[in-house]
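Subject: Structure handover

Hi,

Here is the structure for you to look over. My notes follow below it.

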Amino acid sequence: MIQKQKGCNDIYGREAKIWKYVESIIDATMEKYNYNYIRTPLFEASELFHRGIGESTDIVTKETYDFVDRGGREITLRPEGTAGVVRSYIENKMYGDPNQPVKVYYNGTMYRYERPQSGRDRELTQFGMEVLGSDDPLSDAEVISLAVNIYKILGLKDIKVNINSLGDKESRDNYRKVLIDYFKPHMKDLCEDCNERIDKNPLRILDCKVDADKDIMKNAPKTIDYLNEESKERFEKVKEYLDILKVSYEVNPNIVRGLDYYNHTVFEIEAKVDGFGSNNVLGGGGRYNGLVNELDGPETPCIGFACGIGRLVKALELEEVKLPIIDSVDLFLMYVNEDEKKYATYLSQELRMAGFIVDTEYVGRGLKAQFKQADRLKAKFTIVLNSEDLNNNEVKIKNQKTGEEEIISLDAIIYYLDEKLNTSDEFDYEYDECDCDYDHKDCNCEHCSCEEKK
Ligand code: HAM
């Protein structure tokens with residue numbers, strides 16, 4: 001038997017329904033913030049990621065899927081979405097569009113050759129957003145609050161937002177030197193990875209999981225103490241806007257992020273629910289003012305965020321969030337003979353076109369087994385088509401919940417189902433839908449995680 005590759009997942013059944021629901025909330029929320037959907041290729045020239053993400057990052061040194069195509073081109077499967085969006089922004093001259101900033105979002109598979117473990121896949125799906133062409137601290141705050149709102153609308157309660165600032169280039173370079181001077185005399189106390197990072201990417205030492213509890217880490221100089229005045233003021237503004245947007249956050253000086261392109265604001269959103277294990281960062285992002293220029297475009301300030309959908313779905317499951325997943329059919333059509341089957345074929349099509357979820361029999365079951373199948377599908381109504389009723393232009397429809405049966409005219413099925421399913425509350429989800437929109441004020445539903453209710 002051929003098996004799937006390590007670090008890849010088959011997503012199907014109920015889990016696939018959860019994914020589709022999560023994606024529908026992402027689409028709807030992005031629309032409200034006026035972000036446009038963008039699709040960029042799954043593979044790009046390797047150079048894009050080497051120059052974009054940084055030669056010394058873990059992603060580029062150890063994790064990319066690289067190959068040479070039949071035309072001899074060096075190709076890489078995208079490990080993240082930002083570099084491709086930036087390439088597209090430059091190539092399509094989006095910087096020339098009077099409608100600035102350009103606000104886009106994406107949702108797609110990424111590839112990283114990592115050691116597979118829970119929450120760390122080789123094929124992963126990220127949704128993310130990028131704002132290109134705004135240096136306003138409001139964009140930083142809005143990107144963070146948009147991410148938080150998606151989690152809240154989905155019903156996650158146990159999340160924590162960590163923010164930090166790396167400052168502008170001057171502050172970052174200055175800090176880099178201070179950090180190297182601080183760690184150099186202590187290298188023997190740090191792990192192998194940290195020893196490699198000291199010269200190439202010293203900031204990454206700060207988010208080392210192996211050495212996190214050591215005093216040397218805890219006492220390390222903090223980025224925010226080395227920000228110049230301008231960067232400090234900028235960070236204060238971001239926090240002010242976050243307060244206005246009612247986003248709770250913690251300033252965490254250890255957030256430095258694993259990709260080279262960041263400056264100023266960086267942030268990560270963690271799931272705090274028990275059982276997650278160490279890969280509990282749902283998503284992260286930050287400002288990358290130098291990247292467009294680094295990739296041969298004009299100087300363009302940008303900020304963005306990305307989240308692994310697999311980790312998000314896991315957080316929803318661990319928090320046992322009730323989601324309005326449709327796992328039943330409105331009507332199951334049963335039949336015995338070929339004439340009835342032909343009518344089932346016709347009627348199922350008509351009713352589906354009218355908007356109902358309809359299923360019927362395809363594997364030759366007898367009537368008793370068809371009833372069992374209707375139960376398995378959690379059918380709300382069933383009809384056993386029989387030639388005599390059909391000749392009289394009527395059917396017997398059964399409410400599977402109450403057992404009640406009614407004879408109705410064939411012409412009235414659509415009206416009947418519409419009334420029963422859409423206008424009465426008999427078949428509503430056993431879930432209080434949240435009608436409080438983003439601010440989560442005045443909401444009584446248990447699904448909602450509004451600040452006011454805590
Ligand atoms: P990142 O931190 O590398 O950032 O990835 C963002 C999120 O993708 C992570 O927080 C995690 O949820 C998910 N993720 C990453 N690697 C894996 C993996 N191997 N398995 C499962 N999930 C994973 C970026 O990718 C940046 N492009 C974010 C960004 C956008 N910055 C600015 N704009």
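The centres of domain 1 and domain 2 are 47 Å apart, taken over C-alpha atoms. Domain 1 is assigned as 13-168 + 228-318, and domain 2 as 331-423. Bear in mind that this is a predicted model.

**Ligand site**

Which residues come nearest to the ligand? Of the 27 around it, they are Glu80, Glu114, Asp121, Tyr262 and Leu282. Glu80 places a polar side-chain atom 2.6 Å from a nitrogen atom of the ligand. Tyr262 also uses a polar side-chain atom, and the distance to a ligand nitrogen atom is 2.6 Å. Asp121 uses its backbone instead: an N or O atom there lies 2.8 Å from a nitrogen atom of the ligand.

The protein covers 95% of the ligand's accessible area, which is 660 Å² for the ligand on its own. E10 gives the largest share, six residues. By class, the shell has 10 nonpolar, nine polar and eight charged residues.

**Arg287**

Strand E10 also holds Arg287. This arginine counts as buried because its relative accessibility is 0%. What does its side chain meet? A polar atom of the Arg287 side chain lies 3.0 Å from the backbone oxygen of Ser134. The backbone oxygen of Cys302 is 3.4 Å from a polar atom of that side chain. Leu166 is 121 residues from Arg287 along the chain, yet their C-alpha atoms are separated by 9.4 Å.

**Cysteines**

How many disulfides are there in the whole structure? The search finds zero. Cys8 is partly exposed, at 22% relative accessible area.

Cys208 is in no disulfide either. Its nearest cysteine sulfur belongs to Cys194, 3.6 Å away. Cys208 is buried, with a relative accessible area of 6%.

Best wishes

Terms used:
Residues numbered from 1 in each chain as written. Predicted model: local features only at pLDDT ≥ 70, side-chain atom pairs only at ≥ 80, totals over all residues. Heavy atoms only, no water. Near = heavy atom within 4 Å. Polar contact = N/O pair within 3.5 Å; in protein donor to acceptor, adjacent residues only side chain to side chain. Areas by Shrake-Rupley, 256 points an atom, 1.4 Å probe, with all protein chains shown as cover. Helix = DSSP H or I, 4+ residues; strand = E, 2+ residues; numbered from the N terminus. Nonpolar A, V, L, I, M, F, W, Y, C, P; charged D, E, K, R; others polar. Disulfide = S-S within 2.5 Å. Buried < 20%, exposed > 50% of the residue type's maximum accessible area, 1.4 Å probe, protein only. Domains from an automatic or database assignment.
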